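Student: Hi, I have a chain open on my screen and would like to talk it through. Can we start with the overall picture and then go to details?

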Amino acid sequence: MPTAPPGLPDPSFATDAYALGLLARSPYGRISVSMRALPFVTVARHVVRDGRVLLRLHGGFGYAAACDGSVAAYAADNLAGRTEGDESVWTVQFVGTARALEPDAADLELFGRAPTTADGAPFVPEYLCMEPQFITVHHLEGVPARQVAHAG
């Protein structure tokens with residue numbers, strides 16, 4: 001088991017707290033659910049509050065309505081946020097029931113400014129809340145940060 005990054009509980013003693021602590025370090029993830037019997041995955045902004053994960057996604061896709069009341073999976077990682085020399089990769093996944101959320105002012109402040117567009121259309125925020133169950137954390141060590149290479 002890896003050692004915890006600074007400020008996080010020891011992963012061997014506080015699995016859920018450790019996972020939520022990692023999740024709080026990454027602003028975006030992916031929610032997966034089925035819509036009309038077909039699976040889909042979409043990006044969502046998330047914040048961790050009181051052991052729950054609050055999600056903001058674009059309402060124009062109809063995904064929030066499909067998720068409301070459904071069991072969904074959510075995943076986030078630190079793959080994009082690493083710099084040269086940071087060779088520790090983590091990913092957090094959980095399942096839970098997604099519920100529509102009317103965020104209060106404190107929730108909205110945590111989310112910050114919303115995107116302006118989604119696929120060229122004005123971004124219309126919709127919010128969900130999930131209480132994580134069946135949380136897993138995976139670590140990879142010794143993974144070099146990807147360097148963008150150009151064909152010559």
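This is a predicted model: local features need pLDDT of at least 70, side-chain atom pairs count only at pLDDT 80 or more; totals for chains, interfaces and linings use all residues.

Student: Great. How many helices and strands are in the chain?

Tutor: There are 3 helices and 9 strands, taken as DSSP runs numbered from the N terminus (helices are H or I, at least four residues; strands are E, at least two).

Student: And in what order do the elements run from the N terminus?

Tutor: The order is α-β-β-β-α-β-β-α-β-β-β-β.

Student: What share of the residues is buried?

Tutor: Of the 152 residues in the chain, 37% are buried. Buried means under 20% relative accessible area, exposed over 50%, and partly exposed in between (1.4 Å probe, protein chains only). The accessible surface is about 8,900 Å², and carbon and sulfur atoms make up 56% of that; the areas come from the Shrake-Rupley method with a 1.4 Å probe, and for residues only the protein chains shown count as cover.

Student: Switching topic: how many salt bridges does a search of the whole structure find?

Tutor: The search finds 3, each being a side-chain nitrogen of Lys or Arg within 4 Å of a carboxyl oxygen of Asp or Glu.

Student: Which residue does R30 pair with?

Tutor: R30 pairs with D77, and their closest N and O atoms are 2.7 Å apart. That pair links distant parts of the chain, with R30 in strand β1 (residues 28-35) and D77 in strand β4 (residues 71-77), 47 residues apart.

Student: Is D77 buried or exposed?

Tutor: D77 is buried, because its relative accessible area is 17%. R30, at 33%, counts as partly exposed.

Student: OK, and what does R49 bridge to?

Tutor: One partner is D104, with the closest N and O atoms 3.4 Å apart. R49 sits in strand β2 (residues 38-49), while D104 is in the loop between β5 (88-100) and α3 (105-111), 55 residues apart. R49 also bridges to D107, where the closest N and O atoms are 2.2 Å apart. D107 lies in helix α3, 58 residues from R49. Shared partners join R49, D104 and D107 into one network.

Student: How accessible is D107?

Tutor: D107 is buried at 4% relative accessibility, whereas D104 is partly exposed at 37%.

Student: Now F123. Where is F123 placed?

Tutor: F123 is in the loop between β7 (121-122) and β8 (125-130). F123 counts as buried because its relative accessibility is 15%.

Student: What does F123 touch beyond its sequence neighbours?

Tutor: Leaving aside neighbours within four places, its contacts include R56, L57, H58 and P115. F123 is also 7.6 Å from G59, C-alpha to C-alpha, although the two are 64 residues apart in sequence.

Student: Last one: how many disulfides are there?

Tutor: The whole-structure search finds 0, where a disulfide is a pair of cysteine sulfur atoms within 2.5 Å. As for two of the cysteines, C67 is buried at 0% relative accessibility, and C129 is buried at 10%.

How values were computed:
Residues are numbered from 1 along each chain as its sequence is written. Side-chain values use heavy atoms; hydrogens and water are left out. Contact means heavy atoms within 4.5 Å.
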